Amino acid sequence: MSSSSQAIGTGIPLLQIRDLQVQFRGANGLTTAVERLSMDIDPGQTLVLLGESGSGKSVTALSIMGLLPPAAVINNGSILFNGLELTKQSNAQLRNIRGSRIGIVFQEPMTSLNPVMTVGKQIIEAIPRKQNGLSSSQVRQRGVELLAQMGIPEPARRFHEFPHQLSGGMKQRVMIAIALAGEPDLLIADEPTTALDVTTQAQILELLKQLQQERNMALLLVTHDFGIAAQMADKVAVMRHGEIVEAATSKQFFSAPQHPYSKKLFAALPNMSKRGQRLGDESLTKHPNPEPANQHTRDSQQPILAVTGLQVLFQRHGSLFKPKEYIYAVDGVSFNLQQGETLAIVGESGCGKSTLVKSLLQLIRANNGSVKFRDQELTQLTARQLRPKRRHLQIVFQDPYSSLNPRMLVRDIIQEGMVAQNIGGNASQRAAIVESLLADVGLEPEALERYPHEFSGGQRQRIGIARALAVEPELLLLDEPTSALDLSVQAQILDLLATLQQQRDLTYIFVSHDLSVVEYFADRVAVMYLGRIIELGPATEIMTHPAHPYTQALLSAVPTLDTSDAKKLSPALPGEPPSPGNRPTGCHFHPRCQRATDRCRSEFPEVTQVSPLHAVNCHHPLDSGRPD
Amino acid sequence: MMSGQFAFLVSDYLIWAVTLIAAIWLLVGMRNSQQRQRWQMVLKRPTAMAAFILLMIYLLIALIDSIHYRPLITNHTNSGDLQYAASEVSVLDQLLMPLSQAQERSYSAPLAFKAFSKQQISTSSGAKRVYARLEHGGTGLEHEQDHLTDLLTRTGKGIGLSLLMLTPIALLFGYQRRKQIHPNDQSSEPSTQSPSIAWKTAAITLGMLTTLFMVATQLGSDYHLLGTDKVGQDVLLLGLKSIRTGILIGALTLLIMLPLALIMGTTAGYFGGRIDDLVQYLYTTLSSIPGVLLIAAAVLSINLYLDQNLSEVITLQQRADLRLLTLTGILGLTGWIGLCRLLRAESLKLRELDYVTAARAFGIPDWQILMRHLLPNLSHIVLITIVLEFSGLVLAEAVLSYVGVGVDPSMNSWGNMINGARLELAREPAVWWSLATAFVFMFTLVLSANLFADAVRDAFDPRLRGSQ
């Protein structure tokens, strides 16, 4: 495979890695993290390292920087940077290369910045002043310039602010500014947008592209996201188990992947065209019907869940001198849900998705509005009255690591709810149910006597699903059930959820920020912005013909697999989502909306029916929202 | 053995109760195979094994010292009434009788045969100041120059005796082990995957302790192994008797502190709101009062009460015992704050975790969530704090005794020994052995506790186990 990547590079590569092997010393001897890795990056080129977690992407990036943890050893191979052998350099020599020749941006902007130093000081630190002989005022000038180049408004003011005063996207921009302060020839970006929202991600990716063109800088981008790879890459290298299994130009790779593993990953990518199909290995589970069997009977039925005017306020503690403030986490949310249906709730972080889920479960009590489950009003029940009802609504969490008590056996975890809800009669009957449940979610019976930490993320998520199903719920709230998982594991879990829904006639509320999963999985979509549902309708319709400008912006910010030059990253939504504690008047979206008028600034739009099933809260809905 | 009447002190009951509860809890826990495996993991580690044995010996001494009785006095009246001594004696006192009876006039250095300071002796030729021979040190010595030889002979004899005792046992066990591990082939490595308990370390530790014991008895039969104090008491005896005080202060204080900290910390963190406000108010108020001042005020007022009301009814030892109990009580009432804060903070974090949300979504009552989801996940914090506090309390006793609000001055404790050493160290040449003895005894206890707890934490914290 490495021969093909050599063929692509013309002239002298900026970075040339040959037969790199990195191993970790551990209790059980050496474990290999990276093996036989060879790749080239030319000046000004973008190479995307694509792979699932644990495939050795980050280790590769760190070994170029000489930042490997002490337990790691480079046993073999060479890393040539501009003809300089990096593996042979001393730490002091490497320090001169880091920052000034090679810059790096990490995934987590929240922890990459020092919280007690101003942004400016941290940038100045990275500016090599000795070489350039700059005075301190010049250095400051340079820092402000850098911030301006990163597209940060009011750079002179931001320069003196602390990291906590900036949003996540801003912080990542600052991180890039720091990485670029030394004007490096190569920028390594290790999952730079994974912690960010999709609209912010689009902004950052655009920024990276633009900076790269301006400076003719090479970019090594580490990611797990195929869309990002397609948008950014000149060359793609797919990693698996520490090895590069396929290396090709972006066009070749995305039009015709060669390696079986790459093909498997492509098959696991959810999108609209695969609706109703299996994503994972088809031999494992049986094929579901393309259309859910109960689709046609839906409208005639009573809704399983009816939510009207739901409002959840958080109180910000007032004091003697300050009046109490309210944060509108969820405001005026209404929707109906039919049996067997999947409703997706999408929106950026902080839009109130998780609060909505918790208030539906009555874990957070709503301040206003009603939640009716099969004609039973839940919001008015006392905790005692609510207890027997709880079995009907269950939840599956995002983080498979914090959702299982590490001190409990899997058997006890799954049984816990059954015992509390008095399901399954005596202990032996319960044990039988637990075992069959475990089989249903695709785990071996031996798993029962083990602790959660002995399982992988995907297996833990299966345990979490089994726990929720143990009390035989009718409505399952899935709070980002796959966003912490790898692509191939996500495919398995989505397949499992589809099978279970069919077998048990389950109704799903599927919370997600990943629009490609939503368009694959959901029947209907509700788009949330600052605590309100602004658009609600059938998934196929919303995904193709959004009526709300925000929905449209969200959709266009998702990187697609289209590598043709015509499909550039569309102009991203400007700015950041405002905080729910300080909502704009009128339509909350108006400050970021190009179509906003005076009316949008003063009054919140009522529901407009774009089509019989498609509703939108917008004074000026997009025409595309009305299908022909 | 002298017969007598059992006269348990309050603290005796408490320490036995704590020990029994702990033992039963452990035994019940051992039925669970997971628990058993974890304890095996603890004892797999050589340092933990050695620390465990030392801790057990300390506990054993403390327990033996906690069986008090009033010995029968051989009555000279022939009335037939049995008469018991007015003060309580423990089984340990009885065992250490030779040490307590070997009373000197004043200081003597470890293993000395002469007094530490000169004494006025009147002879026929007038008064002379000489280093007098000890009454119970080196009595067998005929010539002074034989001193070193005598010490060496006794040491050798002690080592020899212990070797004589240990070698057959060691050979027997070694033979059996070899038979078990290598039935036929020598090539197979000792089983690496199944954790084997560090028996070797245990054997070595016990062997060394036996040797130490044998040498000590050989030397101690005619010498003061660790010298004598100002009033001529054997310092080794003082050190051994102080073990009970140290263990009591540590264990009973924790007994009072733990429930307070656990209940307040977890409920404050989990429920929040008014309960949290109340608990926070309580501990900020308490912690803003200087701890030593609070302890001093409480101890002094209780002493006053004891003197005024109960001095007729109780013996001196009972009085000292009550004073010790009040001290542990007050230490417990002031000491829960640190742990409570930690537990509150951790509970605040845990209650937001998804598995707690899942439990709430199942409609599980709050107290069950507290017991099942919070407490087990707090146990490593509790465990670590217990050990740190235990060590800290043993050390705090010394400080408080120094200030004069610690245990009763008549009670043997390392604190009192160190307090006494204040003046001893100012002498020229200095009397160092009281301080050294207290230090060694305390150091061994605290270090063993810390090492043992390290291993326990590593074995019981699932996050650490996952990384192994």
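Student: How do you know that Asn617(A) is found in a strand of chain A?

Tutor: Asn617(A) is found in strand β22, which covers residues 614-617 of chain A; strands here are DSSP runs of E with at least two residues, helices are runs of H or I with at least four residues, and both are numbered from the N terminus. This is a predicted model, in which local features need pLDDT of at least 70 and side-chain atom pairs count only at pLDDT 80 or more, while totals for chains, interfaces and linings use all residues. Residues are numbered from 1 along each chain as its sequence is written, chains are lettered from A and ligands numbered from 1 in the order in which they are written, and side-chain values use heavy atoms, with hydrogens and water left out.

Student: Why is Asn617(A) called buried?

Tutor: The relative accessibility of Asn617(A) is 10%, and a residue is called buried when its relative accessible area is under 20%, exposed when it is over 50%, and partly exposed in between (1.4 Å probe, protein chains only). Asn617(A) therefore counts as buried.

Student: Which residues does Asn617(A) touch?

Tutor: A contact is counted when heavy atoms are within 4.5 Å. Leaving aside residues up to four places away in sequence, Asn617(A) touches Ile533(A), Ile534(A), His548(A), Phe604(A), Pro605(A), Glu606(A) and Val607(A).

Student: Why does Leu47(A) count as buried, and where in chain A does it lie?

Tutor: Leu47(A) has a relative accessible area of 4%, so it counts as buried, and it lies in strand β3, residues 46-51. The C-alpha atoms of Leu47(A) and Lys235(A) are separated by 4.8 Å although the two residues are 188 residues apart along the chain. Lys235(A) is also among the residues that Leu47(A) touches, and others on that list include Met39(A), Leu220(A) and Val236(A), with residues up to four places away in sequence not counted.

Student: Why is chain A called as compact as a globular protein of its length?

Tutor: Chain A contains 23 helices and 22 strands. Its radius of gyration is 26 Å, close to the 25 Å given by the globule rule for 628 residues, so chain A is as compact as a globular protein of that length; the radius is taken over C-alpha atoms, and the rule is 2.2 Å times the number of residues to the power 0.38. Along the principal axes, the C-alpha atoms of chain A fill a box of roughly 75 × 60 × 55 Å, and 56% of the residues count as buried. Among contacts in chain A between residues at least 6 apart in sequence, 69% join residues at least 24 apart.

Student: What does chain B contain, and what box do its C-alpha atoms fill?

Tutor: Chain B has 16 helices and six strands, and its C-alpha atoms fill a box of roughly 95 × 75 × 55 Å, taken along the principal axes. Of its 468 residues, 43% are buried.

Student: How do you know how much area is buried between chain B and chain A?

Tutor: Buried area is the accessible area (1.4 Å probe) that two parts lose on being put together, summed over both. For chain B and chain A this comes to about 2,300 Å², with carbon and sulfur atoms giving 57%. Asp354(B), Ala361(B) and Phe362(B) supply 30% of the area that chain B buries against chain A, more than any other three residues. The contact takes 25 residues from chain B and 27 residues from chain A.

Student: Why is Gln34(B) called buried, and which residues does it touch?

Tutor: Gln34(B) has a relative accessible area of 17%, so it falls among the buried residues. Gln34(B) lies in helix α2, residues 33-44 of chain B, and it touches Leu409(A), Glu449(A) and Tyr451(A), not counting residues up to four places away in sequence.
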